[in-house]
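Please open the model in a viewer and keep the selection tool at hand.

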Amino acid sequence: MKLMRVGQAGNEKPALLDADGKIRDLSGHVADIAGEAITPAGLAKMAAIDPKSLPELMPGRIGACVAGTGKFICIGLNYSDHAAETGATVPPEPIVFMKATSAIVGPNDDVIIPRGSEKTDWEVELGVVIGKTAKYVTEAEALDYVAGYCVSNDVSERAFQTERSGQWTKGKSCDTFGPIGPWLVTKDEIPEPQNLGMWLTVNGQKMQNGSSKTMVYGVAFLVSYLSQFMSLHPGDVISTGTPPGVGMGLKPPRFLKAGDVVELGIEGLGIQKQTFVADR
């Protein structure tokens, strides 16, 4: 299934995209794409519904593909080729940092360049949405705890992230810096998350063109690893790192300015498109 949320911010309806590309209203069956709805039992209930029996929704704004996210966990330097372009070495264990859930927006919403920013950057990433509580799970069983996958743009302000003392979080958590969607694609449609093509363009110019196969730490490992330190709950999102081609890795570096348009996508997971605007 391709699950989505459609409507104005704060008033989205749960929906699914059917085989004909029509958006079908799920609000008669679930309150939202969140919590119990994305557990194994909740997903099975939705999978049993005939999409043609659901009312059709007109296309409109697409919201973040999952609601009620308690944790937005990110992994740094998780692609060997991206680590090389930044001059960093691959870490012996995953670099873990948090992105504020207040950064989450829809996949095509405007992204606001924060006041004082000079180094706002892009990162196409594979997002993993948790579907049941995971604590101390093994790598072999880790994918059982995944509801599905989505496109994530880990928008980053590099000066905030690396040139001011403290942790990366403040360069990652600005309002609108977490577009996710357009869909939560259930894991049955993505049997091999470690072989997905991914790309990103800025104003039509291809900047990133990579694959999840170059991830250092794969999805199953990350779910297991994180569950050793914290419980993962339905709706939590893990953004798993980016391939090469980010602005900070270019020579000379290139960063986003107001009016720039960024498009990004991952094989089977859909496409995002954002216009970057200045904070007022």
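Begin by selecting helix 5, where Val219, Ala220, Leu222, Val223, Ser224, Tyr225, Leu226 and Ser227 are buried. Helices (H or I, at least four residues) and strands (E, at least two) are DSSP runs numbered from the N terminus. Buried means under 20% relative accessible area, exposed over 50%, and partly exposed in between (1.4 Å probe, protein chains only). This is a predicted model, in which local features need pLDDT of at least 70 and side-chain atom pairs count only at pLDDT 80 or more, while totals for chains, interfaces and linings use all residues. Residues are numbered from 1 along each chain as its sequence is written, and side-chain values use heavy atoms, with hydrogens and water left out.

Because eight of its nine residues are buried, helix 5 is largely enclosed by the rest of the structure. Contact here means heavy atoms within 4.5 Å.

**The aromatic cluster**

Next, select Tyr217, Phe221, Tyr225 and Phe229, which form one aromatic cluster. Rings of Phe, Tyr and Trp (its six-membered ring) pair if their centres lie within 6.5 Å; planes under 30 degrees apart count as stacked, over 60 as edge-to-face and the rest as tilted. A search of the whole structure finds four aromatic pairs. One of them is the stacked pair of Tyr217 and Phe221, with 5.2 Å from centre to centre and 25 degrees between the planes. Phe221 is also stacked with Tyr225, at 5.7 Å centre to centre and 20 degrees between the planes. Phe221 and Tyr225 are four residues apart in helix 5 (residues 219-227), so about one helical turn separates them.

**The nonpolar cores**

Now select Val223 and Leu269, the residues with the most contacts inside the largest nonpolar core, which has 54 residues. A nonpolar core is a set of buried Ala, Val, Leu, Ile, Met, Phe, Trp, Tyr and Cys residues joined through side-chain atoms within 4.5 Å. Helix 5 gives the most to this core, with six residues. A second, separate core of 25 residues includes Met1, Ala37, Met46 and Phe72. In soluble globular proteins, nonpolar side chains tend to be buried together.

Return to Leu269 and display what it touches: leaving out residues up to four places away in sequence, these are Leu126, Tyr149, Cys150, Val151, Pro182, Trp183, Val185, Ile190 and Leu196.

**Charges over rings**

From there, centre on Trp183, where the charged end of Lys2 sits over the ring, 5.6 Å from its centre. A charge sits over a ring if NZ of Lys or CZ of Arg is within 6 Å of the ring centre and within 35 degrees of the ring normal. Then select Lys132, which lies over the face of Tyr145 at 4.6 Å from the ring centre.

**Salt bridges**

How many salt bridges does a search of the whole structure find? The search finds 15, a salt bridge being a side-chain nitrogen of Lys or Arg within 4 Å of a carboxyl oxygen of Asp or Glu. Select Asp18 and Arg24, whose closest N and O atoms are 3.0 Å apart in such a bridge; both residues are buried.

Move to Lys119 and Glu163, a salt bridge with its closest N and O atoms 2.5 Å apart. Lys119 lies in the loop between strand 8 (111-113) and strand 9 (120-121) and Glu163 in helix 3 (residues 158-163), so the pair ties together parts that are 44 residues apart in sequence. At 25% relative accessibility, Lys119 is partly exposed.

Select Asp121 and Arg158 next: their side chains meet in a salt bridge of 2.8 Å, N to O. Since Asp121 is in strand 9 and Arg158 in helix 3, this pair ties together parts that are 37 residues apart in sequence. Asp121 and Arg158 are both buried.
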